[in-house]
Amino acid sequence: MLVVGITPECNRQISDHWVFWLPHYVRVARRALETGARVVGLDLLPTYAEPQALGEFFQLQQDFPGRLVLIAYWDGEKELTLPENRLVMALGVQHLALANLSLDQDAVARAQSVEPLPLKRHGREAWPFLGAELALRGGARQIRASAGQGRAYTNLSPKAIRSLPFYRVLQGQVERAAFADAVVLIGSHSKVDQDLVQTPRADGRPGSLTSSGFGVDYQAQVVNTQLTGHHL
């Protein structure tokens with residue numbers, strides 16, 4: 001697993017407003033795939049696509065079919081939020097996966113849904129979840145549930161998932177070998193984006209049983225659990 005994190009420093013290094021970052025996402029994904037990544041997941045929802053950026057996105061999908069995954073989000077009732085429509089058309093709805101996390105009653109993420117959600121939308125009968133979909137495309141032999149209701153306990157590895165700053169990859173400051181044979185997940189490493197999740201790992205405070213972390217890092221742990229087969 002390799003996380004490409006969009007840190008606060010990225011906003012200082014990249015002059016464009018984040019709404020216009022689609023070309024940057026495409027270039028980072030291309031760099032990863034051209035240097036040996038198995039699959040790239042974008043744990044973000046691009047909402048705008050300039051014509052040139054859309055063309056670059058379409059070409060990336062043509063050059064590496066099936067190796068790029070974008071997210072959608074289900075509100076649990078009626079609404080399914082997708083990336084910009086033209087991106088979905090260029091990518092194909094079959095390459096979208098749900099970014100929803102499966103939280104327990106105390107709002108802590110311990111076990112993640114790994115079986116597709118029966119949801120008839122946009123020509124699909126069921127929608128896979130991001131972690132399971134990336135694991136399958138990354139080479140997992142099978143997706144295993146362990147907690148009931150199609151969920152698998154997430155084995156939070158004591159060793160941190162490898163990560164690189166997004167701007168360094170964009171600026172070509174990363175060795176090509178970094179992406180070899182990797183499952184790559186691009187997402188926010190900035191607290192201001194509020195993509196945070198509570199996990200059952202103590203943060204060192206007296207009496208603490210949980211800690212807050214970035215959603216993309218938890219998604220990476222979900223993938224890692226299925227890829228390694230080290231199930232709880």
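Are Trp-21 and Phe-166 buried or exposed? Both residues are buried. The model described here is a predicted one.

## Aromatic pairs

A pair of aromatic rings is described by the distance of the centres and the angle of the planes. The structure holds 4 aromatic pairs. One of them joins Phe-20 and Tyr-48: the ring centres are 5.6 Å apart and the planes stand at 90°, so this pair is edge-to-face. Phe-20 belongs to the loop between α1 (8-13) and α2 (22-34), while Tyr-48 belongs to the loop between β2 (39-42) and α3 (51-63), so the contact ties together parts that are 28 residues apart in sequence.

Phe-20 has a relative accessibility of 37% and counts as partly exposed. Tyr-48 is also partly exposed, and its relative accessible area is 35%.

## The pair of Trp-21 and Phe-166

Trp-21 and Phe-166 form another aromatic pair, and this one is stacked. The distance from centre to centre is 5.9 Å, with 0° between the planes. Trp-21 lies in the loop between α1 and α2, and Phe-166 lies in helix α6 (residues 166-170), so the pair ties together parts that are 145 residues apart in sequence.

## A charge over a ring

A further contact involves an aromatic ring and a charged side chain. The charged end of Arg-124 sits over the ring of Trp-127, at 4.5 Å from the ring centre.

β2 pairs with strand β11 (residues 183-188) in the parallel sense, over 4 bridges. In this pairing, Val-40 stands opposite Val-184 of β11. β2 is also joined to strand β3 (residues 68-74) by 3 bridges, and these two strands run parallel. Here the bridge partner of Val-40 is Leu-68 in β3.

From β2 the chain crosses through α3 to β3. This β-α-β crossover is right-handed.

Notes. Residues numbered from 1 in each chain as written. Predicted model: local features only at pLDDT ≥ 70, side-chain atom pairs only at ≥ 80, totals over all residues. Heavy atoms only, no water. Phe/Tyr/Trp six-rings, centres within 6.5 Å; stacked < 30°, edge-to-face > 60°. Buried < 20%, exposed > 50% of the residue type's maximum accessible area, 1.4 Å probe, protein only. Lys NZ or Arg CZ within 6 Å of the ring centre and 35° of its normal. Pairing = 2+ DSSP bridges. Right-handed = clockwise from strand over helix to strand, strands pointing away.
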